[in-house]
Amino acid sequence: MSVAGVGLRSQTSFMRTLPQMRLEPLAGAEAQARCCEASLRFLQSELDLKGARLQLLLDLTNSMITHVELNDFLREVTIGARRLMQSDFAILGLLDSQSCRLRVNAFEFADGTILDAEAVNFFGETLAAHVFSTSKPWTGISADLVVGVDLNDDRQWAGVGFKSGCCILPLVIRDRVLGILALGKREKTAYTKDEVDFLRQVSGQIAIAVENSLVLGELRKLKDCDEERVCLEDEIRSELNFEEIVGRSAALQRVLRQIEVVAPTDSGVLIQGETGTGKELIARAIHNLSPRRDRPLVRLNCAAIPSGLLESELFGHEKGAFTGAIMRKAGRFEVADKGTLFLDEVGDIPPELQPKLLRVLQEREFERLGSSRTQQVDVRVIAATHRDLKQMVEDGQFRSDLFYRLHVFPLPVPPLRERREDIPILVRHYVDKYARQMNRRIETIPSPAMEVFASYAWPGNVRELQNFIERAVILSPGSNLRPPLAELKQTTTQSRSSKLSTLEELEREHVLRAIRESNWIIGGPNGAAARLGMKRTTLAYRIRKLNISCRP
C-alpha cells in the first residue's frame, strides 16, 4: 500500500494552541517573515496529513475494487494505519462465525516486537470485549481494559506497552460487527476526536471490504456445492440406471459404457454370456435407459417353453386354434407393443419357428396362431444366449439370416472369473441383502473366506455366488459369516480330477497365457512369439486356427 511509508504526526494540538498564542508586536520584517514561515509550515503539514489520510482511503477503495486477497488487504491496512497515525501497535481481527471468537488476522508493532499466536489472539479478544457489546469506538488507556492480568509481571504485555493510549474501532456494517481495528501508543496520550473520526472512516471501508469478501466466499461455496450437486446427481443417476448391476471392474465398466451407447437407439441387441452372468439385468438396464422405459419390458425364456407352445407364447392364438385354446390370447410381441421384448436363450428356438421370428423382426408384423389377420407391432427386441450362435449357424442349427438380424449390436458379458475384483463387492452386497431378509446382522466376513471366494472359479458365475452366499447367511447365526468353504474346495478338487482337457484346449490356453503375459504383443523380443519359441507368422496362424479373439 502506498501509504505504508507515510509517517506524519497530527498537528491538531498545535491548531488548538494557535489561536491562544499572544502574537506580540514583532519589530522589523524579519520577525514578520518568521511568523509567516511558521504559519506556512503548519498549514503544509496539515495539508500533507489530510492528503495522506485521503490516500489511505483511496488505496482501500482501490484494493476493494481490484479484489486483493483478504488477508493481504488486511495486512496492508494494518501497516498503513499504524504508520499514518504514528502509533506503536495496530491489530486487525475478524470474528470467527463458527467459534464466535475474535481471530487476529494482522498485527504490526513499531519496534518489531514478536508475540506468539495465542498471546496475540488474547490481546485482540481483550481489546474487542469493550466494543462488541456497544458497537461503538473506545478510546482511553489500554491498561483499563485488562482484568486479571498483572501488567508489571507479564513480560509480554510490558514489552508491548499495554499501559498506553488506545483506540478500538468495531468493524460494523448493517448493524453487524465483523471484527475490530485497534491502535495504541506507548505514551499515555489519548487519540483526538479528529483522529478517531478518520479511523471511523477507515474501519467503515474495511468492514465493506470484509463483507464483500465473505459474500464472495459464500458464492464460491454455493458454486462449488452446485457443481458437487450436479456431479452427485449424475453419479446417482448413473447408479440408479445400473442399480441392480454390482461391480467396478474394468471389464464390467466396458459393458456399462456399451449399454449407454446402444440404449438410446432402437436397434436390437444380442447379449452373449455364460449362464448366470446377469444377462437379464443387462437387458433391463438397456430398457431403463431407452426412450421406451415408460412402456413395458416383456420377458420370455425360450428354453423354458415347450417347442409346441412357444409360437403361441410369442404371437398369441385365437380361440379354437388348437386343442385347449378355449379363449383368445395375446402373444408376447403384442403385449410388448411400443415397448421392449427380451428373448432369453434365443438359441433354443426350434428351427421351424425361426422364419416367423425373422419376419416379425424385419417386417414388424405377424399373425396370431389360427388367424389370417396381420398385425403390426412396434417392438424393440433384446435377445440373449449362452450358446455360440455363430458356431450353430455353421453347424446348420440356426438360420444365418436370423443370426445376422439379431447380431446388430453384440454385447458380450464377461464371466465372473474374468472380473475377480468384483467378487468382494458382490459378496458384501448379497450378505447385506440376505441378512436383511432374514432379520440378521452380519458385520464381519473373515479374510480367509474372502480369499477363497476370490480364488474360486465360479463356473455358475454370479448366480452360483448368490446362492452360495444365501446358504452361508442361513448357516451364520452370529455376527460373523460362516460360509461352507469345504464345498468350494471339494468342487474345485473334483473338477480338476474329473475334467480332462483336449490337446487343442490345452494349446489354446497355453497360447492365451503367453499372449496375456506379453500384454497382447505378438512380435518383438518381448512378444508372445518369442515366449513360445516360434515365429510371429506361425503364432498368428495358430491364433486364427484356435479362434482366439483380438485384445479385449
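## The chain as a whole

Of the 552 residues in this chain, 39% are buried. Keep in mind as you look around that this is a predicted model. The chain holds 20 helices and 14 strands.

## Helix α11 and its buried side

Let's start with α11, the helix that covers residues 354-363. Five of its residues are buried: Gln-354, Leu-357, Leu-358, Val-360 and Leu-361. Around the helix axis they cover an arc of only 165°, so they sit on the same side of α11.

What do these buried residues pack against? Their partners include three helices, namely α9 (307-315), α10 (332-335) and α13 (400-406). The strands β10 (340-344), β11 (365-367) and β13 (380-385) are partners of the buried residues too. Just past the end of α11 comes Arg-364, with a positive phi of about 55°.

## Arg-332, a residue of α10

One of the helices that α11 packs against is α10, and that's where you'll find Arg-332. Is Arg-332 buried or partly exposed? It counts as partly exposed, because its relative accessibility is 23% and the buried class is kept for values under 20%.

Setting aside residues up to four places away in sequence, Arg-332 touches Val-298, Arg-299, Leu-300, Glu-313, Leu-314 and Leu-341.

## Where α14 meets α16

Further along, look for helix α14 (residues 423-437) and helix α16 (residues 461-474). Their axes come within 9 Å and cross at roughly 45°. With that angle, α14 counts as oblique to α16, and the crossing is right-handed.

Which residues make this contact? From α14 come Leu-426, Val-427, Tyr-430, Val-431, Lys-433, Tyr-434 and Ala-435. The α16 side brings in Val-462, Leu-465, Gln-466, Ile-469, Glu-470 and Val-473. Sorted by class, the contact of α14 with α16 has ten nonpolar residues, one polar and two charged.

## Where α18 meets α20

Now for another helix pair: α18 (residues 503-517) and α20 (residues 536-545). The two axes come within 11 Å and cross at roughly 125°, which means that α18 is oblique to α20. Here the crossing is left-handed.

On the α18 side, the residues in contact are Glu-504, Glu-507, Val-511 and Ile-515. They meet Leu-539, Arg-542, Ile-543 and Lys-545 of α20. How do the classes divide in this contact? There are four nonpolar and four charged residues, with no polar ones.

To finish, step back to the loop between α19 (528-532) and α20, where Met-534 has its place. With a relative accessible area of 31%, Met-534 is partly exposed.

What does Met-534 touch, once its neighbours within four places in sequence are left aside? The residues in contact with Met-534 are Ala-529 and Leu-539.

Key: Residues are numbered from 1 along each chain as its sequence is written. This is a predicted model: local features need pLDDT of at least 70, side-chain atom pairs count only at pLDDT 80 or more; totals for chains, interfaces and linings use all residues. Side-chain values use heavy atoms; hydrogens and water are left out. Buried means under 20% relative accessible area, exposed over 50%, partly exposed in between (1.4 Å probe, protein chains only). Helices (H or I, at least four residues) and strands (E, at least two) are DSSP runs, numbered from the N terminus. The arc is that of the directions from the helix axis to the C-beta atoms. Contact means heavy atoms within 4.5 Å. Axes are lines fitted to C-alpha atoms, for helices over the stretch in contact, and angles run from 0 to 180 degrees between N-to-C directions. Angles under 35 degrees count as roughly parallel, over 145 as roughly antiparallel, 65 to 115 as roughly perpendicular and the rest as oblique. A crossing is left-handed if the near helix is turned anticlockwise from the far one by less than a right angle, and right-handed if clockwise. Ala, Val, Leu, Ile, Met, Phe, Trp, Tyr, Cys and Pro count as nonpolar, Asp, Glu, Lys and Arg as charged, and the others, Gly among them, as polar.
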